[in-house]
Amino acid sequence: MNTDFLQTLVAVARHGSMAEAARRLGLTHGAVAQQIRALEQELGAPLVARAGRTVHLTAKASELLAPVQEVLASLEQIRYLARSGEVMGELRLGAGNTALNSVVPAILERLVARHPLVNVALTPGHSARFYPAVEAGELDAAIALEAPYPLAKSLGWQLLREEPYVLAVAPRLAGRDPHALLASEPFIRYQRNDWGGRHVDDYLRRVGIVPRDRFELNAIEAIAVMVSRDLGVAILPLSTNDAIQRLGLAVIPLPAPCEPRRFGLIWPRGSSRVSLIQAFRDTAMEEYGKLPAPSL
């Protein structure tokens, strides 16, 4: 359908005659009449009724006028956006609970302030599921832990944060030897099949400690709450949700080297939404960059 013909119909309605519509559009009277006839044939309904030298819109044309004007306004917006380079559209984003409960709201606040035509569909979950979802095109991007295997060449990766692991204990145990506590106190384990939990398991193996496991789960804040109730000790990352600090736990540095928890943004390099992903990535880097470095 020729949108110029729709503009002509709106002009006839606005100015009350074909002659005046023709003058305002810079067309001949015959050209306007021809465009209206073409629209009538395409839509299969009469749009104007003639009474002598005057014309008026039919009831059907009056019904169509509002949606026609909406279509024309949308097309004008598309032309503007195409010329302006404005970022728009839906971003399908995956993020874990730590990110969702800490930095993601600030990222989204800044993102929509800069790009009001962007909307974000959030999918909570775990990092191991985000990588195949991004590769399969089910997600446009995800904030995820660094994978323990080589990244597929089809994926991009931007580091956002590194968090050191520490021994979190109830205040009564503050200042004690961490390895002695790991060997003697009940241990609340960061789940071994989780990528972050593997760092903890690797550390314990390297230092030769077999703790007395009491609970095992994949929820940092829940583990911290259990430690605050003196149900055991735990090796946890100093995460951005500040669970350890908020609960008043004592923090003891690990004496041997431990791989930090790293997470960042992953996205498909060949995505058609590259400008949208870039806008989110830049905003995420800014917001994570504002955070103070984790300190013991």
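The following legends describe close-up views of a predicted model.

**View 1. Helix α1 crosses helix α3.** Helix α1 spans residues 3–15 and helix α3 spans residues 29–43. Their axes come within 9 Å and cross at roughly 110°, so that α1 lies roughly perpendicular to α3. The crossing of α1 past α3 is left-handed. On the α1 side, the contact is formed by Asp4, Phe5, Leu6, Thr8, Leu9 and Val12. On the α3 side, Val32, Gln35, Ile36, Ala38 and Leu39 take part. Classified by residue type, the contact of α1 with α3 comprises eight nonpolar, two polar and one charged residues.

**View 2. Helix α2 packs against helix α3.** Helix α2, residues 18–25, has its axis 8 Å from that of α3, and the two helices pack at an angle of about 105°. Because angles of 65 to 115 degrees count as roughly perpendicular, α2 and α3 are assigned to that class. Met18, Ala19 and Ala22 of α2 meet His29, Val32, Ala33 and Ile36 of α3. The contact of α2 with α3 consists of six nonpolar residues and one polar residue, with no charged residue. Val32 and Ile36 of α3 take part in the contact with α2 and also in the contact with α1.

**View 3. Arg189 and Asp201 form a salt bridge.** The side chains of Arg189 and Asp201 meet at an N to O distance of 3.1 Å. Arg189 belongs to strand β8, residues 186–190, whereas Asp201 belongs to helix α9, residues 195–207. The two residues are twelve residues apart, and the pair links distant parts of the chain. Both Arg189 and Asp201 are buried. For Asp201, the relative accessibility is 13%, and this residue therefore counts as buried.

**View 4. Asp213 and Arg192 form a salt bridge within a network.** In the salt bridge of Asp213 with Arg192, the closest N and O atoms are 3.6 Å apart. Asp213 is in strand β9, residues 212–217, and Arg192 is in the loop between β8 and α9. This pair, 21 residues apart, links distant parts of the chain. Asp213 counts as partly exposed at 37% relative accessibility, and Arg192 is likewise partly exposed, with a relative accessible area of 34%. A network of salt bridges links Arg189, Arg192, Asp201, Arg205, Asp213 and Glu216. The count of salt bridges in the model comes to 21. In general, side chains of opposite charge can pair when their charged atoms come close.

**View 5. Glu185 is placed in the loop between α8 and β8.** Helix α8 covers residues 178–184. The relative accessible area of Glu185 is 16%, so this residue is buried. Apart from residues up to four places away in sequence, Glu185 touches Arg172, Leu173, Arg212 and Val233. The C-alpha atoms of Glu185 and Leu231 are separated by 9.1 Å, although the two residues are 46 residues apart along the chain.

How values were computed: Residues numbered from 1 in each chain as written. Predicted model: local features only at pLDDT ≥ 70, side-chain atom pairs only at ≥ 80, totals over all residues. Heavy atoms only, no water. Axes fitted to C-alpha atoms, helices over the stretch in contact; angles between N-to-C directions. Helix = DSSP H or I, 4+ residues; strand = E, 2+ residues; numbered from the N terminus. Parallel < 35°, antiparallel > 145°, perpendicular 65-115°, else oblique. Left-handed = near helix turned anticlockwise from the far one by under 90°. Contact = heavy atoms within 4.5 Å. Nonpolar A, V, L, I, M, F, W, Y, C, P; charged D, E, K, R; others polar. Salt bridge = Lys/Arg side-chain N within 4 Å of Asp/Glu carboxyl O. Buried < 20%, exposed > 50% of the residue type's maximum accessible area, 1.4 Å probe, protein only.
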